[in-house]
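Colleague: I would like to learn how to read the sheets in a protein model. Please take me through one example.

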Amino acid sequence: MAGKVKWGVLGTAGIAAGCTIPGMMKAENCELYAIAGRKLKKAEEFKERFGFVKAYEGYDALLADPEVEAVYIPLPNNIHCEWAVKALEAGKHVLCEKPIAMNETELRKMFAAAKKNGRILAEAFAYLHSPYVSALKNVIGSGEIGDVDYIDTAFLTQDYSEDFRLHKELGGGGIYDIGCYCTSMILTLIDSELEYVKADAELDKTGVDHMASVLLKFKNGARASFNAGMMLGTDTSDRYDRLFIHGSKGYIRSDVEYNEEGKLEFSVTIKNEKGDRIERTVQVESKSNYSLEIERFSRAVRGEEDLLITEEFSIKNMRLLDRILDVSSYTESREEFILDNGVVIPAVGYGSFLATESDGADTIKEALDSGYRYIDTAKFYNNEENIGRAIKEYGIPREELFLCSKVWPTDLGKEWTLKSFEESCEKLGTTYLDMYLIHWPKDDPNDPDWFSKVADSWKVMEDLYLQGRIKAIGLSNFLPHHIKPLLETARIRPMVDQLELHVGYMQEYTLAYLRKEGILPQAWSPLGRARVLNDERVTAIAEKYGVTNAQLLLRYLIQRGIPVIPKASSKNRMLENKDIFGFKISEVDISYLSCLPEFGYSGEHPDF
């Protein structure tokens, strides 16, 4: 075996002191080489306590040490990305504590830095290295309990009075910091794509999710549920973990705690031909999961073995966490949204309706020059040709753009939808669309066949999606009673629904339904036109933050987890509409804006 890997630890967090560093000490191929703290005194204490060779004041100092080969990061969740990228750029391999990033966008940046610098990056899910998890997978893989159709698990721990887990901006909360164990276990045991997420959370006084319940359904028909939270006592060591796996022939029960070591066991129960329950106990001996994790990572550094926790797995788990937080109305704001299939939708797009009437392609070029990379259009807008010309003349690579168009209701049906799609692509000068939507559910409010036309169009869009001609398919102006019958027949669920959404007209019932079904809501007319934009109540709130009315209205939607596609004709307004990430609206003002009486509605209803 090659020599031991020299490890450095960035930070003196509790999980490092109580779990990972003791595991490092037991690992056969690990040398505890360097420890860094914000203060040298604390780092020196760790050096003496655990036997590190060197102690550093500040994380940069450790990263500058050429002897350090691999770095473990146990820092608060909100700075994982920053320090992981710095470590990778310094030529270190990185094992980063779970959850590895604040969202999938950050996570992708981290893995891109790993690839660029030729280093490995992995998320620290120590428990997944346990022979206990391997034994669970072996029982399932053997077919003894049949096909897995339901998993239930829980991770509940103490109520912290002062801890980073109580701070939303630090990536705290039950779903994020603890629920990631439950999601990773479920994704380890169910090999299928996610179909939908349903979730609810109890928010603590600090604004984080103190307790959450989640229901998942997968495309293979399996379901899973979990509870995660910090509600057992106050500053205690109380904890409750469980795992139940139900199959078509039997089930598994376990009360083993996540990351437990030593003598572990779970029960397997099956029914014989007479219907009698036969139970057996599986016993597993496991040494420290943390030492197993460090040994596996160190072997990967030496090229002797692949990582257990892969990039693909971490992205899948992070995407699920993002979805759960969105459904729980927990998301404050992000500059892009990522669908389950990995498609990235910028949070702020450029709405092109009526934007090219006077200036043709020039307005679109100004939007591109202002930094917009998401252009929203439709056949009905009659401007796809101008947009295509603007893109060509501007010279921007196609892969840097997100192009969305829509099929008009008079073109619904198999033949016409395909024709409309091909015409849109031709006019836009592209072979594919990033997103394609059905513009309205019906053209005639009295049409008894509206749904059959929608269903036929959807089948065409599904085929184009499977062929790679469309990256995301969705709807526009569809309400729950339009969507429900489609979900019963669709092979691929709608990913997005564009709606008129703005202060004064938030369609809360429809929003709740979309969240429940895992469909991303997107706002057209997010400024409510002049009726809302110039309202004195909006002005009063905007003045508190030193922003324009438009910026306030757009930020309100983004904080509620809704991407926006505002229109603007001047470059100043284009830039203004994108500059909405430098401030945060308080919960009080979000509530005030949400509770204003209805106003500003366009009068355009999908059924009429």
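Predicted model: local features only at pLDDT ≥ 70, side-chain atom pairs only at ≥ 80, totals over all residues.

Colleague: What holds the strands of a sheet together?

Modeller: Strands pair through backbone hydrogen bonds, in either a parallel or an antiparallel way. Here, an open sheet of six strands runs in the order 3-2-1-4-5-6, and its pairing is parallel.

Colleague: Which strands stand at the edges of that sheet?

Modeller: Strand 3 (54-57) and strand 6 (121-124) do; each has a single partner strand, so one side of each lacks a neighbour in the sheet. On average, neighbouring strands of this sheet are turned by 25° against each other, direction ignored.

Colleague: How many bridges link strand 1 and strand 2?

Modeller: Strand 1 (residues 5-10) pairs with strand 2 (residues 30-37) in the parallel sense over six bridges. Trp-7, for example, has Leu-32 in strand 2 as its bridge partner.

Colleague: What is the order of the strands in the sheet of eight?

Modeller: That open sheet has the order 8-9-10-7-11-12-13-14, with mixed pairing. Strand 8 (194-203) and strand 14 (277-286) are at its edges, each with a single partner strand, so one side of each has no neighbour in the sheet. Its neighbouring strands are turned by 10° against each other on average, direction ignored. Within it, strand 7 (residues 148-157) and strand 10 (residues 223-229) pair in the parallel sense over seven bridges. Thr-153 has Phe-226 in strand 10 as its bridge partner.

Colleague: Which strands does helix 9 lie across?

Modeller: Helix 9 (residues 311-327) lies across strand 8, strand 9 (209-218) and strand 10, at about 55° to strand 8. Helix 6 (residues 131-142) lies across strands including strand 7 and strand 14, and runs at about 150° to strand 14.

Methods: Residues numbered from 1 in each chain as written. Heavy atoms only, no water. Pairing = 2+ DSSP bridges. Helix = DSSP H or I, 4+ residues; strand = E, 2+ residues; numbered from the N terminus. Axes fitted to C-alpha atoms, helices over the stretch in contact; angles between N-to-C directions. Contact = heavy atoms within 4.5 Å.
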